[in-house]
Amino acid sequence: MSTMGSFGSFGSFGSFGSFGSFGSFSGLNATGLGRFVGGGGAPDPTIVQGLLTNNQAIIHSAGPDDPVEKPAGVYNLLPLGADKNLQLWEPWVRASLYLTDFLKGLDWVFTPTKGKEKINFSYGGSAFFELHRPSIKLFHAQLAFMRDYMDQRSDRAAEILSEMSLPFDYFASILGLNSASNAKTFELMSIAQVVAAHVAMIAKHHLACRRPDRLGASVMPMISTPGHGSFPSAHATEAFAVATVLCGLLQDKTVKAHYPRPDRLNHLCMKLAERIAVNRTVAGVHFPVDSWAGASLGEAVGQIVLQKCGARAGGVVSRTYIAQPQSDFSVTQFRTPEQAARNGLERSPTEFKMEPSPILSWLWRAAVQEFALT
């Protein structure tokens, strides 16, 4: 027996602020539309009162209203089209459109057969990820890694705390991004993070795997244990989705011309994603296999985002992950097919493609233009 789910209709989310520096899904501060679909904060009551008295004082100088009859063109409506008017909307409105545009193609099947529990994700009818639930025995075997990583906590404490929300500053430091010049690039990174977090949470919910401190008394996390499942790691999913999208961005000819060695930046983006994932193991809240599962899922989500942006020459690679008890996580093993296979990750030799989304293609073009040298 299987249970299925899809995003046919989506209710209100949380509170969606402006793009640039918003937190990970775990904080519920970057996944919704704002209070009562209002976005932004409450207005300053002093300004409201000032506007009332000011408007009443000066409105007479504008003269009478224009007559209804005007030459053709004066009262034209805005143009219609999915990719029209996006620049006019507030960032939180675009965020809602990006999110729902992505989620409408997502579907999944959960199979709860005892000993063979798994979740299968598909997009637009094409399977892209199969994730198997590890046994409790496997998680116990992973506790040895948790103890080995504890010695690094004092050295990595600042990173771990600043990465409680996905740290866009860290990615920005690699690419030299700033909020004034790269607002749309931050939007692109943000939507990759948010959709990855949503997909990861679906897997976490269905597979329902316990956190390390619930299985080993000596784990003693240095931060609070999040109130959701351990497998897969959402931080790893988000980090690798963002890194995959940025690596795709670095392949664009306009962006490549902006940097002398974009290939080196690719390696740095992926190494940073690994560091973010491993820091969650250092902190005591994730097993290494959680990072393997999250990185695999994040890479797939990133490829889908690139496809929907009309930016990925290759298609989306379907993959299966079955955790192995002695697997520690490293990006070198993750990206090397033979080593990845030994650690339980199988990537299909075939790919599937999809039609670009007008909305996400608009965002991609806007982000690429920020790197134009002329």
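L88 sits in the loop between α1 (45-58) and α2 (91-103); helices here are DSSP runs of H or I of at least four residues, strands are E runs of at least two, and both are numbered from the N terminus. With a relative accessibility of 56%, L88 counts as exposed, where exposed means over 50% relative accessible area, buried under 20%, and partly exposed in between (1.4 Å probe, protein chains only). The model is a predicted one, in which local features need pLDDT of at least 70 and side-chain atom pairs count only at pLDDT 80 or more, while totals for chains, interfaces and linings use all residues. Residues are numbered from 1 along each chain as its sequence is written, and side-chain values use heavy atoms, with hydrogens and water left out.

Together with L78 and W89, L88 forms a nonpolar surface patch of about 300 Å² accessible area. Patch members have over 30% relative accessible area and no salt bridge; nonpolar side chains (Val, Leu, Ile, Met, Phe, Trp, Tyr) are joined within 5 Å, like charges within 9 Å. The areas come from the Shrake-Rupley method with a 1.4 Å probe, and for residues only the protein chains shown count as cover.

Next come the salt bridges, of which the structure holds 12, each a side-chain nitrogen of Lys or Arg within 4 Å of a carboxyl oxygen of Asp or Glu. K104 and D101 form one of them, at 3.6 Å from N to O. K104 is exposed, with 60% relative accessible area, whereas D101 is buried at 8%. Another bridge joins E274 and K271, whose closest N and O atoms are 2.9 Å apart. Both lie in helix α10, and because they are 3 residues apart they are separated by about one helical turn. E274 is buried at 10%, and K271 is partly exposed at 43%.

The aromatic side chains make 12 pairs, a pair being two rings of Phe, Tyr or Trp (its six-membered ring) with centres within 6.5 Å; planes under 30 degrees apart count as stacked, over 60 as edge-to-face and the rest as tilted. In Y259 and F371 the centres are 6.1 Å apart and the planes stand at 50°, so this pair is tilted. Y259 lies in the loop between α9 (253-256) and α10 (262-283) and F371 in the segment after α14 (358-369), so the contact ties together parts 112 residues apart in sequence. Y259 is buried at 12% relative accessible area, and F371 is buried at 2%. Elsewhere, ring pairs link F139, F231, F240, F287, W292, Y321, F329 and F334 into a cluster. R347 lies over the face of F334, 4.7 Å from the ring centre; the criterion is NZ of Lys or CZ of Arg within 6 Å of the centre and within 35 degrees of the ring normal.

A search of the whole structure finds 0 disulfides, defined as cysteine sulfur atoms within 2.5 Å of each other. The sulfur of C269 has its closest cysteine sulfur in C247, at 5.1 Å, too far for a bond. C269 is buried, with 0% relative accessible area.

A192, in helix α6 (residues 183-207), is buried at 0% relative accessibility, and its C-alpha atom is 9.9 Å from that of Q303, 111 residues away along the chain. G294, in helix α11 (residues 288-308), is likewise buried at 0%.
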